[in-house]
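Hi,

Here is the structure I said I would pass on. Have a look at it first, and then read my notes below.

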Amino acid sequence: PRPLRFATNSSCRRGSMQGPMSNFQPAPWTLQGDALIGFKLVREDLVRRLIPSDAKVVRVLPGRTVAMLYLSQYRQSPVGEYREFIFAPALVRRAGRIGFWISHIFVDHDLSLIAGRTIWSLPKQTASIQWSADCVAVDGPEVKLRAVFTPPHATMPLPFAGAAMSSFGSAESWFPVQGVARVGVARATIEGEDQVGLKELGFSGVSRFFTCRRMRVTIGRPRR
């Protein structure tokens, strides 16, 4: 098959990979920007290899859990502007807590990468992430993805809350997430190549995604 190529333009800038190494602001962190979020009902047997062996899949229907693909552009954060890709293949219960298991996360800013690893035990890797008004392109070591979407005509302010789990090396954490955004529904076309499980769990072709504009999200203190 022909390799996927990404068009570049000035409105889809790459994030800065420069900046002084310094002590990070402790959690919680509040970030502001936009996001494109997709959810899929997926079979429990398909996600087993993508979560820890001691994690229990939380079923929302018989034999089914929820997977999430999250793409964001943060204009304001404690480390400046950056973009992010998150793949959470399942909702799980582990050590008495429930949350989305984050198996893969990519950012285009080195300070975000280091802070994510050290504060929340997130397995962050670097990737080129481009963002424009109607597309997001990710080019990383395990994923090459383009999401093309039509911005919704109508949005409404909605609060949201949840939790996530992750591990990096021998460190693990659970942390709450909450915020507010102007939320709409858009049809998005997902294409690309990946080794993280996106296609296997149905994140390809045309799907409905939530758009979050003027988002303000707080990533809470991690609990080990």
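Let me start with a question: does R94 count as buried, partly exposed or exposed, and at what relative accessibility? R94 counts as buried, because its relative accessibility is 13% and the cut-off for buried is under 20%. Please keep in mind that this is a predicted model.

How many salt bridges does the structure hold? The count is 13, and I picked out a few for you.

Take K124 and E84, whose closest N and O atoms are 3.4 Å apart in their salt bridge. K124 sits in strand 8 (residues 124-126) and E84 in strand 4 (residues 82-88), so this pair ties together parts that lie 40 residues apart in sequence. Is this pair buried or exposed? Both K124 and E84 are buried.

Strand 13 turns up again in the next pair. The side chains of R146 and E191 form a salt bridge, at 2.6 Å from N to O. Since R146 is in strand 11 (residues 143-149) and E191 in strand 13, the pair ties together parts 45 residues apart in sequence. R146 has a relative accessible area of 17%, so it is buried. E191, on the other hand, has 36% and is therefore partly exposed.

There is also a network: salt bridges link D34, R75 and R213.

Which residues make a nonpolar surface patch of about 260 Å²? The patch is made by F39, V185 and F210. If you want to find F210, look in strand 14 (residues 205-219). F210 is partly exposed, because its relative accessible area is 37%, and a patch residue needs over 30%.

Cheers

Note on methods: Residues numbered from 1 in each chain as written. Predicted model: local features only at pLDDT ≥ 70, side-chain atom pairs only at ≥ 80, totals over all residues. Heavy atoms only, no water. Salt bridge = Lys/Arg side-chain N within 4 Å of Asp/Glu carboxyl O. Helix = DSSP H or I, 4+ residues; strand = E, 2+ residues; numbered from the N terminus. Buried < 20%, exposed > 50% of the residue type's maximum accessible area, 1.4 Å probe, protein only. Patch = residues over 30% accessible without salt bridge, like charges linked within 9 Å, V, L, I, M, F, W, Y side chains within 5 Å. Areas by Shrake-Rupley, 256 points an atom, 1.4 Å probe, with all protein chains shown as cover.
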